[in-house]
Amino acid sequence: MSSHELKSGPLEYRIQQGQMNILGFWIFLGAEIVLFSTLFATYAVLFGRTDEAPLPSELFEPGSVLIMTFLLLTSSFTCGIAIHEMRRGSKKGLITWMIVTLALGLGFIGLEIEEFIHYAHEGATLQSSAYWSSFFVLAGTHGLHVTLGIGWAILLLIQIAKRGLTPVTSRKFFIISLYWHFLDVVWIFLFTSIYLIGMVV
Amino acid sequence: MQLDEFFVTGEPLIYAGMVSIVLVTAAIIFVLTYFKRWGWLWREWLTTVDHKKIGIMYILSALAMLFRGGMDALMMRVQLAFPGMDFLGSQHYNEIFTTHGTVMIIFMAMPFLIGLMNVIVPLQIGARDVAFPALNALSFWSFLFGAMLFNISFVIGGSPDAGWTSYTPLAGAAMSPGPGQNFYLMGLQLSGIGTLATGINFMVTIIKMRAPGMKMFQMPIFTWSTLVTAFIIVFAFPILTVALALMTIDRVFGSQFFTLTGEGLPMMWANLFWMWGHPEVYIVILPAFGIFSEVIATFARKQLFGYKAMVWSMILIAGLSFLVWVHHFFTMGAGAFVNSVFSVSTMLIAVPTGVKIFNWLATLYKSKIQFTVANLWALAFIPSFVIGGVTGVMLGMAAADYQFHNSYFLVAHFHYVLIAGTVFACFAGLVYWYPKMFGHKLNEKLGKISFWFFLIGFHVCFFPQYFVGLDGMPRRVFTIIPEWMPLNVISTVGAFGMGLGFAIFVYNIYYSYRYSEREKSGDSWDGRTLEWATPTPVPFYNFATVPHVNSHDAFIEMKETGETTFDEEKVEPIHMPSNTGQPIIMMGIAFIASFGIVFEWMWMAIAGLIGVIVMMGVRSFDYDDGFHVEVDEIKRTERKARRL
């Protein structure tokens with residue numbers, strides 16, 4: 001436990017606790033990869049087991065899924081800019097770009113909820129078959145992660161507004177940026193292996 | 001819901017259980033109130049972030065769980081001793097073997113080892129704490145509340161009865177209705193959070209917080225085993241998290257993952273469970289290997305033979321542990337090719353394990369062996385574990401497994417590896433590090449008596465089970481035919497021998513607390529690694545001055561050069577984390593949320609989940625940066641501890 005502070009390098013890495021938290025979070029992301037891989041594997045095994053429920057190709061449509069993808073990929077980009085602003089030492093830039101990121105994330109969540117309601121309306125629910133159970137749990141877990149990320153980021157924005165950029169607050173923001181990019185990467189796999197394949201099969 | 005549906009009724013044994021729970025709870029509350037100890041308990045233990053205290057709490061809880069799992073075992077052995085026994089009914093028997101397996105693996109073996117890691121690993125690498133002290137406390141409370149949730153099932157709601165593997169569709173909502181199976185799911189889920197956090201915590205601690213100069217290949221072998229175990233935890237536990245969540249969603253929300261309707265696949269559960277479950281076996285055996293290596297090297301008074309080979313074989317075992325899971329269900333129709341692949345990968349594990357056995361023997365070769373109690377456990381482990389390992393290779397042959405599967409041969413095999421490996425290691429580690437934790441040794445004479453009772457009892461109990469298994473006795477039956485009686489009687493006698501050994505072990509703790517000589521130096525056994533460089537009792541900051549490490553067996557070198565961990569010239573203020581009540585409160589609320597899910601009371605589950613999220617927010621807004629221990633206080637503490 002050392003509170004010794006370095007003079008140079010990115011702010012979030014300047015105290016040892018910051019370095020350790022960031023490494024710990026990388027390892028946590030490793031565990032998250034295993035978590036999502038398990039869900040993807042379950043989805044792959046249960047693919048096609050739709051029972052009486054509609055087939056995915058009957059329900060999936062490119063339109064809103066493409067918009068969702070666009071929103072989330074853009075939010076990852078704006079999140080990158082937010083961290084860039086943080087490195088420049090601009091508290092205002094960080095807050096502005098982070099709010100843009102969260103707005104895009106909220107748009108994504110809104111569309112996903114609408115999507116889910118639509119599928120349920122057409123007779124594809126969590127209960128209707130093994131395939132749809134795995135679909136809703138996989139996509140839902142990702143959606144839940146995004147929702148938690150939004151709540152978490154709002155708490156951090158309040159802290160940044162109150163405390164400014166310190167080694168502690170910047171470390172917290174750096175960590176949530178890792179989390180946000182990670183969710184983006186997971187979505188790319190969701191988009192291709194669920195929606196693109198689901199639309200053609 | 002009626003009250004008599006909420007509490008389990010109709011079994012005299014369970015009424016006795018209820019009465020004893022009420023009496024023990026009342027006694028604890030009375031003692032704490034009478035001696036005005038509530039404040040002390042809260043300040044010193046419940047809110048602590050000190051890795052040594054957290055480790056002690058882990059070990060105490062694990063010993064309690066060993067007692068509970070052991071009572072289950074004895075009841076089963078009584079029921080199986082004679083044909084037509086009327087001690088336990090079939091339903092009660094199912095519940096008992098389910099809880100015995102779950103408690104022993106999840107709530108006894110793992111926490112015991114994590115407890116030893118907590119106490120020792122930071123000391124071995126010259127660190128003042130773990131990387132995330134508050135998270136460490138959170139891990140402990142998540143384990144304890146998870147264990148309590150699982151344990152109350154036998155008086156409230158009813159115990160799970162689908163086996164510790166909980167295979168679907170047996171464990172699904174259709175065939176196991178009621179809260180029993182939900183207790184299994186939520187108890188494991190809750191404690192799993194803490195296990196994952198512990199894995200991350202120890203990886204960062206070991207990678208980032210080693211004493212200056214200590215290279216990876218100079219770390220003590222127990223620390224290495226902890227690091228490898230932490231890797232397995234981080235990559236195996238999320239699989240369990242998902243599997244448990246899917247089954248919970250199946251049971252509570254009616255999804256179709258493992259059902260026979262809706263085109264669900266019951267075999268998915270078997271695969272997911274063992275993709276976690278097999279690595280789990282190595283989560284409980286690799287730290288045990290680490291402990292034996294430390295104990296054998298210390299009491300052979302030699303450097304560990306083949307240190308690098310030991311480390312690499314652990315890494316190899318960890319990698320292979322993820323590639324063998326199908327050998328748990330060769331007979332469930334995977335086909336000859338798949339079975340062959342997993343049969344071969346299973347056999348491969350015997351190679352690095354053999355390397356380790358030979359290295360322990362080579363360490364002992366031409367050495368002056370001291371037959372202390374800790375070392376007796378380690379020495380007894382080698383041949384006992386080899387018997388378990390060789391029968392494991394027999395089971396690993398897919399074709400032969402069709403004969404052995406689900407018989408007592410299998411039961412004998414895994415008890416041989418898990419008891420001779422993990423339980424012996426827990427005892428060896430506890431006896432070996434006991435003076436570091438409590439400032440006095442355990443009595444050697446009582447220790448030897450308990451060792452011999454336990455060891456002989458163990459072989460008498462489990463060796464006959466190989467033969468009764470080959471004779472065709474299946475596992476999980478609650479009654480036997482007369483042909484199997486003689487060997488079962490012997491086995492039951494052995495089980496009681498082990499129980500007696502454990503009882504003497506526990507008595508030894510009390511006896512030694514009263515009568516053992518207090519430790520004067522910190523170096524109780526003429527040790528080799530840094531944990532012995534600290535004084536006893538270990539100050540909460542561990543090292544007044546952190547030594548510079550140049551070699552494996554760092555403390556041997558320090559003793560040669562006359563270096564100590566208290567160099568008055570070099571003492572500087574030490575930064576330490578503050579105690580916090582947040583972890584216990586947060587996990588208490590998570591317990592309530594889990595309890596709500598168990599009974600499918602959604603209002604309670606949602607309220608609890610909101611509470612957990614609020615606590616996470618509170619934690620995020622907490623900017624308490626700890627405090628500094630001043631130089632004067634360090635000097636005073638060290639002089640007192642070192643009797644200077």
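A polar contact is a pair of N or O atoms within 3.5 Å; within protein, one of the two must be able to donate a hydrogen and the other to accept it, and residues adjacent in sequence count only if both atoms are side-chain atoms. By that rule, 10 residue pairs are in polar contact across the interface of chain B and chain A, both residues at pLDDT 80 or more. This is a predicted model, where local features need pLDDT of at least 70 and side-chain atom pairs count only at pLDDT 80 or more, while totals for chains, interfaces and linings use all residues. As for bookkeeping, residues are numbered from 1 along each chain as its sequence is written, chains are lettered from A and ligands numbered from 1 in the order in which they are written, and side-chain values use heavy atoms, with hydrogens and water left out.

**Where chain B meets chain A**

- The contact (heavy atoms within 4.5 Å) brings together 38 residues from chain B and 41 residues from chain A.
- Glu263(B), Phe621(B) and Tyr623(B) supply 20% of the area that chain B buries against chain A, more than any other three residues.
- About 3400 Å² is buried between the two chains, and carbon and sulfur atoms give 72% of that; buried area here is the accessible area (1.4 Å probe) that two parts lose on being put together, summed over both.
- How many salt bridges does the rule find across the interface of chain B and chain A? It finds zero, taking a salt bridge as a side-chain nitrogen of Lys or Arg within 4 Å of a carboxyl oxygen of Asp or Glu.
- On the chain B side, the elements giving two or more residues are helices H7 (180-208), H8 (221-253), H9 (266-299) and H19 (602-620).
- H8(B) gives the largest share of that side, with nine residues.
- Sorted by class, the chain B side has 25 nonpolar, 10 polar and three charged residues. Here Ala, Val, Leu, Ile, Met, Phe, Trp, Tyr, Cys and Pro count as nonpolar, Asp, Glu, Lys and Arg as charged, and the others, Gly among them, as polar.

**Inside chain A**

- Chain A has six helices and zero strands; helices (H or I, at least four residues) and strands (E, at least two) are DSSP runs, numbered from the N terminus.
- Along its principal axes, the C-alpha trace of chain A spans about 65 × 30 × 25 Å.
- Helix H1 (residues 16-45) and helix H5 (residues 130-163) of chain A pack at an angle of about 155°, their axes 8 Å apart. Axes are lines fitted to C-alpha atoms, for helices over the stretch in contact, and angles run from 0 to 180 degrees between N-to-C directions.

**Salt bridges**

- Over all chains, the structure holds 13 salt bridges.
- In one of them, the side chains of Glu85(A) and Arg88(A) meet (2.9 Å, N to O).
- Both residues lie in helix H3 (residues 62-88) of chain A, three residues apart, about one turn of the helix.

- Most residues other than glycine have a negative phi, and most peptide bonds are trans.
- A cis peptide bond joins Thr168(B) and Pro169(B), with omega about 0°.
- The bond from Thr536(B) to Pro537(B) is cis too, with omega near -5°.
- Arg301(B) has a positive phi, near 55°, and lies in the loop between H9 and helix H10 (307-320) of chain B.
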